[in-house]
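Welcome! Here is a short tour of a protein, starting with its overall build and ending with its aromatic rings.

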Amino acid sequence: MEPRSGQLADDLIGGVRGEVRAAASRNRFVDLLEAGDVPRDRLTWLAGEQFRIVGSDQRSFALLAARFPDPPAGEMFLSLAQGELHALRLLADFAGALGWGEPDLRAYEPRPLAQAYPAYLAQSALFGTCSGIALAMLANLEEWGGYCGRVAGALVTRYDLSERAVGFFRLFATPAPGFTEQATSVVAAGLAAGEDPQEAVRAALALHAYEIAFWDALADGLRDGPRGSLAQNSRR
């Protein structure tokens with residue numbers, strides 16, 4: 001890794017993470033979930049949307065591993081693809097706790113705005129830069145991981161789900177060991193190869209916007225209060 005590209009990568013990562021953190025202070029769906037104000041049948045939306053997203057992202061990461069096979073990028077993208085396969089198995093436990101099996105997940109009709117995130121990742125897998133996707137993953141997995149930790153806690157305390165049932169969300173709540181360092185090296189390698197740093201920032205902020213669109217789609221039609229007003233419905 002060239003020193004200049006390494007420093008530029010660190011600067012880009014710090015700047016993008018700062019912007020994402022500032023914009024991710026409130027998540028309406030997760031806020032309502034922590035209050036017990038999300039009806040239980042809305043939880044199946046979460047399972048159904050994630051079933052589509054995880055399957056799509058697995059294919060996107062596999063494509064990226066083929067586009068950028070050399071280390072460190074190839075190793076990172078292949079690891080992410082394998083991680084999505086593991087996540088899909090854990091998602092089945094969450095769906096099962098809601099009374100859903102694979103036929104229900106496949107029959108679920110996804111909401112277009114909830115699927116903007118995987119659609120953009122699929123587009124990036126075809127046309128995006130290595131540094132842009134790695135930067136987007138670094139910023140997004142931190143944001144997504146924070147939401148997942150809150151979701152897991154709320155599902156256990158407010159909806160009486162077991163730890164096994166929330167294993168999907170616990171998986172993403174903390175980054176895999178070494179991922180931050182690996183992704184940082186991928187960003188630096190892409191920049192050293194001449195990729196546009198502004199394009200990388202643009203990709204990361206776009207993915208953040210689509211992350212927010214996902215949660216907003218899940219919260220569509222839910223009302224904001226009073227605290228606990230739908231808790232009884234959520235436990236039926």
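What percentage of the 236 residues in the protein do buried residues make up? Buried residues make up 51% of them, where buried means under 20% relative accessible area, exposed over 50% and partly exposed in between (1.4 Å probe, protein chains only).

## About the model

This is a predicted model, in which local features need pLDDT of at least 70 and side-chain atom pairs count only at pLDDT 80 or more, while totals for chains, interfaces and linings use all residues. Residues are numbered from 1 along each chain as its sequence is written, and side-chain values use heavy atoms, with hydrogens and water left out.

## Overall build

The protein has eleven helices and zero strands; these are DSSP runs (helices: H or I, at least four residues; strands: E, at least two), numbered from the N terminus. The C-alpha atoms fill a box of roughly 60 × 35 × 30 Å along the principal axes.

## The nonpolar core

A nonpolar core is a set of buried Ala, Val, Leu, Ile, Met, Phe, Trp, Tyr and Cys residues joined through side-chain atoms within 4.5 Å. The largest one here has 79 residues, and Phe77, Phe94, Leu155, Phe169 and Trp215 touch the most other members. Helix α7 gives the most to this core, with 15 residues.

Take a look at Phe77: leaving aside its neighbours within four places in sequence, its contacts are Phe61, Leu64, Ala65, Phe68, Cys130 and Ile133.

## Aromatic pairs

Rings of Phe, Tyr and Trp (its six-membered ring) pair if their centres lie within 6.5 Å; planes under 30 degrees apart count as stacked, over 60 as edge-to-face and the rest as tilted. The count comes to twelve aromatic pairs. In one of them, the rings of Trp144 and Trp215 have centres 5.9 Å apart and planes at 35°, so the pair is tilted. Trp144 lies in helix α7 (residues 130-157) and Trp215 in helix α10 (residues 197-219), 71 residues apart. Trp144 is buried at 6% relative accessible area, and Trp215 is buried at 1%.

Phe168 and Phe169 form an edge-to-face pair, because their ring centres are 5.1 Å apart and their planes are at 90°.

How values were computed: Contact means heavy atoms within 4.5 Å.
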